[in-house]
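Try each task before you read its solution.

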Amino acid sequence: MGSALTIALFVLAGVLLGGVVSMHRQGAGRGAVALVAVLALLATAGGLTRLFGDA
């Protein structure tokens, strides 16, 4: 179960990062892009914590 959550967090981070790139290309507001980027960073941090937290 733990590895599935770790993978899910990294997948979520990738989807959010793709959303950041897409939103930026479409000219979305800076605040919205920054919010999604922060969420992507949080998902990455969560995945890394789950990955290396047990070590």
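**Exercise 1. Compare the reach of helix H2 with the expected span.**

Solution. The model is predicted. Start with the boundaries: helix H2 covers residues 30-52, which is 23 residues. Next, take the expected span. The rule is 1.5 Å times one less than the number of residues.

**Exercise 2. Decide whether threonine 6 is buried or exposed, and find what it touches.**

Solution. First place the residue: threonine 6 sits in helix H1. Then apply the cut-off. Buried means under 20% relative accessible area. Threonine 6 has 9% relative accessibility, so it counts as buried. Last, list its contacts, leaving out residues up to four places away in sequence: Gly47, Arg50 and Leu51. Gly47 is itself one of the buried residues of H2.

**Exercise 3. Describe how H1 and H2 pack.**

Solution. Begin with the buried residues of H2: Val33, Val36, Ala40, Ala43 and Gly47. They pack against helix H1, residues 2-26. Now the geometry. The axes of H1 and H2 are 8 Å apart, and the packing angle is about 160 degrees. Angles over 145 degrees count as roughly antiparallel. H1 is therefore roughly antiparallel to H2. The crossing of the two helices is left-handed. Finally, sort the residues in the H1 contact with H2 by class: 18 are nonpolar, six polar and one charged.

Technical notes: Residues are numbered from 1 along each chain as its sequence is written. This is a predicted model: local features need pLDDT of at least 70, side-chain atom pairs count only at pLDDT 80 or more; totals for chains, interfaces and linings use all residues. Side-chain values use heavy atoms; hydrogens and water are left out. Helices (H or I, at least four residues) and strands (E, at least two) are DSSP runs, numbered from the N terminus. Buried means under 20% relative accessible area, exposed over 50%, partly exposed in between (1.4 Å probe, protein chains only). Contact means heavy atoms within 4.5 Å. Axes are lines fitted to C-alpha atoms, for helices over the stretch in contact, and angles run from 0 to 180 degrees between N-to-C directions. Angles under 35 degrees count as roughly parallel, over 145 as roughly antiparallel, 65 to 115 as roughly perpendicular and the rest as oblique. A crossing is left-handed if the near helix is turned anticlockwise from the far one by less than a right angle, and right-handed if clockwise. Ala, Val, Leu, Ile, Met, Phe, Trp, Tyr, Cys and Pro count as nonpolar, Asp, Glu, Lys and Arg as charged, and the others, Gly among them, as polar.
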